[in-house]
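Please go through the notes below with the model open.

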Amino acid sequence: MQLSKRVEAMGHSPIRKFNVYAIEAEGKGKKIYHLNIGQPDIETPPCFMEAIRGFDKKVIAYSESGGETVLQDAISNYFKGYGMDFGRRDLMITNGGSEALNMVFTSILNPDDEVLIAEPFYTNYHTFITAAGGKVVPLTTKAEEGYDYAKRELIEAAITPKTKAICCISPGNPTGRVLTLEDMQLIGDIAKANDLWIIADEVYREFAYDDRETTSFGMLSDLSDRVIIIDSISKRFSACGARIGCIASKNADLMDAIMKLAQGRLCCPTLDQIGAAALYQLDKSYYDEVKAEYEARRDVVYEELMKIPGVVCQKPGGAFYLTAKLPVKNVEDFLIYLLTEFEDNGESVMFTPAAGFYGTPGLGKDEIRIAYVLKKEDMRRGVELIRLGMEAYNNK
């Protein structure tokens, strides 16, 4: 019996790949600072559970396939706060941003269609695109240039007759790259000229630092027929386990196609949608407070990284990830050393090797991703352990 070629072409998550070493180390009493996974420690706003506790119906029934109207309306009002007009028919509630991406790629891709995406990129894009029968075409970016990909020559050189879409994660995972509206318009102009869809993954939308403006492809009305926005409550509201996301698009044909898939999976969890509706009604001051906390954590991480001789890193503009090039040949080997051999006062650290975020074989072997999702003192100690571990590793 054989498995499908599509699933055989997929890889396991580089984010979780080394968990076995961390579990073994912790089992021996070593404290590990987990800088490897984007699980925030920020408290989920209490209004989420309050809304669920206030649910007074005697039966938890199926929701509508497109989502609860109370949540659709809350998301619609949220977008209006940024000058974007998405009504109920333009919104599809999904089981997290992951299902949103799966639905989108299933709806737009035919076998061997190509999708452009800047590398390093969130590794599950390879899974989603491959599962839909498509092919990832990476746009290679460099640490020395802050992983910038809003370049006409870079994008146009990768376009072929099979190119169907371009994916833009902004603010970015794993690099923290934030697109300006000018960057978005440049990408949009290329997409219009080549009849491409724009997949705008904006789940970290508010987390843009150093007085950067909150931006969205949805703010550019001339792109409305081809922009597909992916949204989620996971990171914005620190509600990863609630699994509520959405697709926002003004393209009626696309939304009708996605509804076929939505009806096939019936609906999203009713109670989680009720809680999510309350989250989207939070005052904008909530975003300011959370953004300030993540920005402070980023500054601590960057400050400590700059103490490592030979590190290459530009301060990221958003999200809560930082990708850096270290002065080692193979960071996977270095990480295993940190988890199996190194300790400082009974402590060590875990990050994510960046090779798994690249589509081009051989790239990223000397790069790491850090998720700055722990409190500032823990982030400082975690990066200090990377520095101390590297000194020991290079001298062994």
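**Cavity and cysteines**

1. The largest cavity has a lining of 15 residues, and A118, P120, Y149, I169 and T175 lie nearest its centre. A cavity here is a set of points, on a 1 Å grid over the protein atoms alone, where a 1.4 Å probe fits but cannot get out; lining residues have an atom within 4 Å of a point.

2. This is a predicted model: local features need pLDDT of at least 70, side-chain atom pairs count only at pLDDT 80 or more, and totals for chains, interfaces and linings use all residues. Residues are numbered from 1 along each chain as its sequence is written, and side-chain values use heavy atoms, with hydrogens and water left out.

3. How many cavities of 30 Å³ or more are there? The count is one. The largest cavity holds about 110 Å³ of space. Volume means the space filled by probe spheres set on the points, which are joined across faces, edges and corners.

4. β3 (114-119) and β5 (163-169) each give at least two residues to the lining of the largest cavity. β5 has the largest share, three residues. Strands are DSSP runs of E, at least two residues, numbered from the N terminus.

5. By class, that lining has ten nonpolar, four polar and one charged residues.

6. The whole structure has zero disulfides, a disulfide being a pair of cysteine sulfur atoms within 2.5 Å. For C47, the nearest cysteine sulfur is that of C240, 16 Å away. For C267, the nearest is that of C268, at 6.9 Å.

Definitions and conventions:
On a 1 Å grid over the protein atoms alone, a cavity is a set of points where a 1.4 Å probe fits but cannot get out, and a pocket is an open set with protein on both sides within 12 Å along at least five of seven lines; lining residues have an atom within 4 Å of a point. Helices (H or I, at least four residues) and strands (E, at least two) are DSSP runs, numbered from the N terminus. Ala, Val, Leu, Ile, Met, Phe, Trp, Tyr, Cys and Pro count as nonpolar, Asp, Glu, Lys and Arg as charged, and the others, Gly among them, as polar.
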